Amino acid sequence: MSARRSTLTALGATTLLAVLWFVPSANATAPEHAKAGSGAPAAGPAAANTEVQAASAAVPTLELADTGGVDTTPYLLGGTLFLGAGAGFVAFSVRRSRTA
């Protein structure tokens, strides 16, 4: 019976990790812009540098809005709650296995 319980625990943990793998992350990066130019090869490094400067001057920079600091209080409270619940389950499991 304990082998089945361990297998179910491992299956549950694997499922949780697999689900969390697909949670999107918040990457706040600006999209890459195509180089502006005529398409003809540059005559040399100076001409290439001038093209890049002209292209960067023509494309406005994208900046994120200033939303203030991040309030981490809910994350700390939730993490502490789940850590306590996990420790409680471990203690209960150890106590139950010693009495059996």
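These are my notebook entries on one protein chain.

**Entry 1: confidence.** I began with the source of the coordinates: this is a predicted model. I looked up the confidence next. The chain has a mean pLDDT of 75. I noted that 57% of its residues reach 70 or more. By element, confidence is lowest in helix α2, residues 45–58, with a mean of 63. It is highest in α3, at 91.

**Entry 2: fold elements.** I listed the secondary structure. The chain has three helices and zero strands. Read from the N terminus, the order is α-α-α.

**Entry 3: surface.** How many of the 100 residues count as buried? I found 1%. I then took the accessible surface of the chain, which comes to about 9300 Å². Carbon and sulfur atoms hold 66% of that surface.

**Entry 4: helix α3.** I checked the length of α3, which covers residues 73–99. Its 27 residues should span 39 Å at 1.5 Å a residue. Is α3 buried or in the open? Of its 27 residues, the number buried is zero, so α3 lies largely in the open.

Entry 5: I turned to the surface around Leu16. Leu16 is found in helix α1, residues 2–21. I looked up its cover: Leu16 has a relative accessible area of 51%. Exposed means over 50%, so Leu16 counts as exposed.

Conventions. Residues are numbered from 1 along each chain as its sequence is written. This is a predicted model: local features need pLDDT of at least 70, side-chain atom pairs count only at pLDDT 80 or more; totals for chains, interfaces and linings use all residues. Side-chain values use heavy atoms; hydrogens and water are left out. Helices (H or I, at least four residues) and strands (E, at least two) are DSSP runs, numbered from the N terminus. Buried means under 20% relative accessible area, exposed over 50%, partly exposed in between (1.4 Å probe, protein chains only). Accessible areas come from the Shrake-Rupley method with a 1.4 Å probe; for residues, only the protein chains shown count as cover. The expected span of a helix is 1.5 Å times one less than its number of residues. pLDDT is the predictor's confidence in each residue, from 0 to 100.
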